[in-house]
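Trainee: Please take a close look at one part of this model, the surroundings of the ligand. I would like one connected account.

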Amino acid sequence: MFDKDKKLIFSGIQPTGVFTLGNYIGAVRNWGPLQDEYNCIYCIVDLHAITVKQEPAVLRKNTLGAYALLLACGIDPEKSIAFIQSHNPNHAELSWVLSCSTQFGELSRMTQFKDKSAKHADNINAGLFTYPVLMAADILAYNADLVPIGADQKQHLELARNIAVRFNQKYSETFTVPEPYIPTVGARVMSLQDPEKKMSKSDANPNACVYILDDKDTIIRKFKRAVTDSEAEVVYREGKAGINNLITIYSAVTGKAVAEVEREFEGKGYGDFKLAVGEAVADSLENVRTEYARLIADKAYLEQCYKQGAEQAYSISRRVVSKAYKKVGFIQR
Ligand code: TYM
C-alpha cells in the first residue's frame, strides 16, 4: 500500500483515557494531514501504558476507545497503517536488542522517568525505566524518517536517534536515524489551572484538562475557569503564562496568527476571550465527537481495521528486525 518514494512517518499515543486537547493540538490532529504526502504508521501503544498501574478491563476498553479516536481524528486505515502495539511482537523483540545498546546513565537522565517515578513512587518498575528503549524500537522497527510529536517527547526521540547511530556504528548501517516533527504552534499545551505545567490526563484537577470528547458546555466551562493573571490585556508576553496558553490554543484551532488574535481582542476583557477560546475549541472538535460516536458503535469495523493494520505493520517491521538480528550475530531460524 505504501509508495516507495515517500518518506515514512511513525507516531504513537498511549491508551490511558480520552485524548487531551494537548494530545490533539500537539500531535494527533497533525497526523491526518500528513497522510497524502507521507507513508504513515500510527500506533496505540498499550505496551507503554502498563508501565503505570492499569485495570485490565479498563485498559482493554481504553485501547479500543483510543483506536476509534485515532480514526475519528482523521486517520484513514486505507491510506495509513493504524494498529495496536501489542498485536505486533516485533516492537518488544527489537526493544530487547536495543536495550543492550542503551546505557543505564542515558535512561537515568530522562525527565519523564524522573517525573513519573516521583508520581508513582510505589511502582518504579523496570518497564518505566526502559520505556524510552521500547519507544526507540517502535520507531526504528519501521525505519521511520519523521516522528510527529509534542515537545515533551523530544528527549525520547533524541535518545532513539542516539541508539540508532550507535547501533549503526557498531554493526554497520541498519536503522534510519529519525527526525522529530514538532508543530510550531501548540507543541506544549499547558494546564488550564496551572499554566506552568503541561496539560496532562493525570492532573488531579478536572478543570485543568480538556478532553477531546468533552461536550461543548463542559469545554466552555473549563475555559471560563482557566487561570489567567490580574491584568486585563489579551497579549502574548512573558509573565502571562495563562493568557499565552489560551492565545496559543486559540491560534492553533482557528489558524489565526498571534498578532491577529491580539488585535481581535484589543480592548476586550478576559471573560470575552475565554468564552471565544472555549467556543472555538468546542466547534473544532465537533466532528471528532460525532465520528467517534459512530465508530465506537461499530466494533466489527474497528476489529477489521486493527487486524489489517497489525498484519501490515508486522510485515514491514519483521524485515527490519530480522536484519538487526542478523547484524548482532543471531543464527537465522
Ligand atoms: P503520549 O501518549 O503521552 O502523548 C501522545 C502525543 O501527544 C503529545 N502531547 C502533547 N502535546 C502538546 N501539549 C501537551 N500538553 C501534550 N501532551 C501530550 C505527546 O508529545 C505525544 O506526541 N511515549 C509517547 C508515545 C509513544 C510514541 C512512540 C510517540 C510511544 N512510542 C513512538 C512517537 C513515536 C507518549 O507517551 O505519548
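Mentor: Start with Asp152. In this predicted model, a polar side-chain atom of Asp152 lies 2.4 Å from an oxygen atom of the ligand. The protein buries 96% of the 710 Å² that the ligand exposes when taken alone.

Now the whole shell. It counts 25 residues around the ligand. Asp152, Asp138 and Gly150 are among the closest, and so are Tyr131 and Val189. By class, twelve shell residues are nonpolar, ten are polar and three are charged. Strand E1 (8–13), helix H1 (21–31) and helix H7 (126–140) each give at least two residues to this shell. As for the site itself, the ligand sits in the largest pocket.

Follow Tyr131 next. Tyr131 is among the closest residues to the ligand, and Tyr131 also lines the largest cavity. The structure holds one cavity of 30 Å³ or more. The volume of the largest cavity is about 50 Å³. Along with Tyr131, its lining has Gln112, Phe113, Lys116, Leu128, Pro132 and His156. Helices H6 (111–119) and H7 are the elements that supply two or more of these residues. The lining divides into four nonpolar residues, two polar and one charged.

Definitions and conventions: Residues numbered from 1 in each chain as written. Predicted model: local features only at pLDDT ≥ 70, side-chain atom pairs only at ≥ 80, totals over all residues. Heavy atoms only, no water. Near = heavy atom within 4 Å. Polar contact = N/O pair within 3.5 Å; in protein donor to acceptor, adjacent residues only side chain to side chain. Areas by Shrake-Rupley, 256 points an atom, 1.4 Å probe, with all protein chains shown as cover. 1 Å grid on protein atoms, 1.4 Å probe; cavity = no way out; pocket = protein on both sides within 12 Å on 5 of 7 lines; lining within 4 Å. Sits in = over half its atoms within 2 Å of the grid points. Helix = DSSP H or I, 4+ residues; strand = E, 2+ residues; numbered from the N terminus. Nonpolar A, V, L, I, M, F, W, Y, C, P; charged D, E, K, R; others polar. Points joined across faces, edges and corners; volume = space filled by probe spheres on them.
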